[in-house]
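Dear colleague,

Here is the structure I said I would pass on. My notes on it follow below.

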Amino acid sequence: MESTSHGGIGVRKVQLASGGRRSTRARQEVLRRELDGCQLLAGIWCHGFTVAQLRSIRASLPPTARLVVAKNSDLAAAVEGTRWASLRPVARGMNAWLFVRSDEIPPALRPYRDFQKDCKLQLNDFTGAVYEGRLYGPDDFTKLEAMPTRVQSYQYLLGCLQMPAVSLIAALRARQEAMANPPADDATSEPPEK
């Protein structure tokens, strides 16, 4: 197996490096698949988290959200050239990545905030996120968390659409009632004089 020109160690290193590149590409491909259909990608600083804590967070997430622990270099390579590329500066340090496949953003962020409060982990905060092509820093998460849910948006739109119709119906009913019950004239309501 050993070659006199290359030496066994050199050949093995090449084979390991080749296998390493394949596994790196495979990890990046997994991340690219996670990005398909994703509405929000957020980084969470997870320094010092235990496996049990990560499992707890994952269990509390809605079905449309997924928490992935990945190497920052793999994530940076996976988002390169995509609408998520603005997240690359956030990809440093110990991060877990929250992939949200729904436009229901606040319900996807809330389980981590609850976990943060329960475990008193104020320093382990969101490091950044990309939503609709815009990068949100750690201080901008209040905007994302305050966004209305889809149901709330539909309720508001439905109310806006109904208001003109309700006003028109009320005006038509008032007119119809006015025509059905004409006001009594003062002259006709007095008895004739003798």
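**Strand pairing and the sheet**

Ala42 has Ala129 of strand E4 standing opposite. The pair belongs to a predicted model, as does everything else below. Strand E1 covers residues 40–45 and strand E4 covers residues 126–131; the two run antiparallel and are joined by five bridges.

Both strands sit in an open sheet of five strands, with the order E2-E3-E1-E4-E5 and antiparallel pairing. The edges are taken by E2 (65–69) and E5 (134–136), and each of these has a single partner strand, so one side of each has no neighbour in the sheet. On average, neighbouring strands of the sheet are turned by 20 degrees against each other, if direction is ignored. As background, strands of a sheet pair through backbone hydrogen bonds, either parallel or antiparallel.

**A helix pair**

Helix H2 (residues 51–60) packs with helix H4 (residues 105–118) at an angle of about 140 degrees, and their axes are 9 Å apart. That angle makes H2 oblique to H4. The crossing of H2 past H4 is right-handed. On the H2 side, the contact is made by Gln53, Ser56, Ile57 and Ser60; on the H4 side, by Pro111, Tyr112 and Phe115. Of the residues in this contact, four are nonpolar, three are polar and none is charged.

**Confidence**

The mean pLDDT of the protein is 78, and 78% of its residues reach 70 or more. Residues 1–18 have pLDDT below 50, and this stretch has three contacts in the model beyond near neighbours in sequence. Where pLDDT is low, the predicted coordinates should not be read in detail.

Regards

Terms used: Residues are numbered from 1 along each chain as its sequence is written. This is a predicted model: local features need pLDDT of at least 70, side-chain atom pairs count only at pLDDT 80 or more; totals for chains, interfaces and linings use all residues. Side-chain values use heavy atoms; hydrogens and water are left out. Axes are lines fitted to C-alpha atoms, for helices over the stretch in contact, and angles run from 0 to 180 degrees between N-to-C directions. Helices (H or I, at least four residues) and strands (E, at least two) are DSSP runs, numbered from the N terminus. Angles under 35 degrees count as roughly parallel, over 145 as roughly antiparallel, 65 to 115 as roughly perpendicular and the rest as oblique. A crossing is left-handed if the near helix is turned anticlockwise from the far one by less than a right angle, and right-handed if clockwise. Contact means heavy atoms within 4.5 Å. Ala, Val, Leu, Ile, Met, Phe, Trp, Tyr, Cys and Pro count as nonpolar, Asp, Glu, Lys and Arg as charged, and the others, Gly among them, as polar. Two strands pair if DSSP finds at least two bridges between them. pLDDT is the predictor's confidence in each residue, from 0 to 100.
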